[in-house]
Amino acid sequence: MPKRAATVPATGITLDPAGQRPMHRQLYQRLRAAILAGELAPGTRLPSTRGLATELGVSRTTTLTAYEQLRDEGYLDGQVGAGTTVAQLPGPGPALPVSGHAAPQAPPHPALSARGAAMAGDRWRLRPPDSFGAGLPAFPLGLPAVDAFPHQAWTRILARRARRSLGGLLGYQDPAGYRPLREALAGYLSMARGVRCTPDRILVVGGAQAGLDLAARLLLDPGDPAWVEDPGYYGARGALVAAGARLVPVPVDSHGLDVAAGQRREPGARLAYVTPSHQFPVGVTMSLQRRLALLAWADLTGGFVLEDDYESEYRYVGRPLPALQGLDEAGRVIYVGSFSKVLFPSLRIGYLVVPDGLMDAFTAGQRLSQIHVPALEQAVLADFLAEGHFGRHVRRMRALYAARGAALIRAIRRQTGGALEVRSAHAGLHLVGWLPTDTDDRAVAARAAEHGVQAQPLSAHALQPPSRGGLLLGYAAVPQPEIEQGVRRLTEALRQECIRR
Ligand SMILES: Cc1ncc(COP(=O)(O)O)c(C=O)c1O
């Protein structure tokens, strides 16, 4: 068939089948340029992917890929099959800016690669640094009680290490991590989390984020489909998108990720990202049946499971559930852990437990990205674990967070007149306050921000609109009197946004 130039009638866009760039990239670039130039105004409805593919004489994959990328970057709104419109720029980020803490918004830079533009998109912008620390307005998401951290013990170990062993830690180190830390981690993970590992299978990385990024880049090729929990963790999605993955949202119900739905949508996905212990953000625990189904799928298809066990230490009722990785006979699970929640986020230390046979590749990958995590901090952390401070801290924080979670539930039930439904705070550092059906959670969150309360809308963490809106309320870093006060302010916002409806 002779190759001919294809045109989007409404915009005059033409694609060059003989061009150097793939057609989906050309279409993406033309549409993006038209949106940025205002030729396609916010709210403009684009043709369906099928219609446009026919119009242009290209495959539907071409139009789908271009639309998905534009949607991921915040240029387009809407879901496949439900109409696609041009978004209002700049689009909303995952964290609604809190008054006085607004994240800077900048349009994606036209000089960036497609991957760079995807990474720089507004939807991955995290909270600004000044919202990390003590004395914040309630209810910061994902922040542990950094003021209750045993500073003295940490400082003592740090000073001792700097005095006695810094000399030996100044040169380049093993990319896989400081050996005594890997040994301590192997003992802790097999005892406390049921993880199958030896120190040789542990790779120390710069927090869970660096581990997710490394795993995604090592395991996925551009365009590879990856299942992500929906709603789910934007940090993981960002890492997957940065690796070129095509996100496949898979719904989460009370048993965790719906594996059968994933199999219906994209059975040949290369990877599934899951938070089985405490699903982020809704907090459910993945059932054994689903865990086994997920492992069976991975074994059958050769896919990988990226298990993010980010805050599993914090379960207040019953015993913490063993990790999914401990059930993996076939070596399909990459286990990701972090000290961000259990100690403090600026430490930037996490770890991967990698299946046999992949450790060399992961270590080589680490060598090419971070080389290694700072050695002094790794050594301090190894001592902190070996000397029992870690275990004591976790026990103290469990009691503190359980009390704060219970106080938040009591305050919500007493003050909000049923406008916010809360189920439990049995685990983790935050809970979901479910709003009455048909309430716009972004509007409530914005109103709460006006009242000086941080409450992230659940829908900002979802790819498909959730059936019910909610507010994510972090309680771990909030002292009890401020919990009471925060709920009073939140109730005011709720009164304005939903009680009057
Ligand atoms: C689901 C999830 N995974 C991992 C992390 C921790 O990431 P990091 O170790 O990069 O700080 C977080 C923190 O917010 C999270 O919510």
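A search of the whole predicted structure finds 19 salt bridges, each a side-chain nitrogen of Lys or Arg within 4 Å of a carboxyl oxygen of Asp or Glu. Asp 309 pairs with Arg 193, with the closest N and O atoms 2.7 Å apart. This pair links distant parts of the chain, 116 residues apart. Asp 309 lies in the loop between β11 (304-308) and β12 (333-338), Arg 193 in helix α7 (residues 179-193). Both residues are buried (under 20% relative accessible area; exposed is over 50%, partly exposed in between; 1.4 Å probe, protein chains only). Arg 160, Arg 161, Asp 383 and Glu 387 are linked in a salt-bridge network.

Within helix α8, Arg 217 and Asp 213 sit four residues apart, about one turn of the helix. Their side chains form a salt bridge (3.3 Å, N to O). Arg 217 is partly exposed at 43% relative accessible area, and Asp 213 is partly exposed at 24%.

Helix α8 (residues 207-219) also packs against helix α12 (residues 359-369): their axes come within 10 Å and cross at roughly 115 degrees. Axes are lines fitted to C-alpha atoms over the stretch in contact, with angles from 0 to 180 degrees between N-to-C directions. Residues of α8 including Leu 214 and Arg 217 meet residues of α12, among them Phe 362 and Gln 366 (contact: heavy atoms within 4.5 Å).

Residues are numbered from 1 along each chain as its sequence is written. In this predicted model, local features need pLDDT of at least 70, side-chain atom pairs count only at pLDDT 80 or more, totals for chains, interfaces and linings use all residues, and side-chain values use heavy atoms, leaving out hydrogens and water.

Definitions and conventions:
Helices (H or I, at least four residues) and strands (E, at least two) are DSSP runs, numbered from the N terminus.
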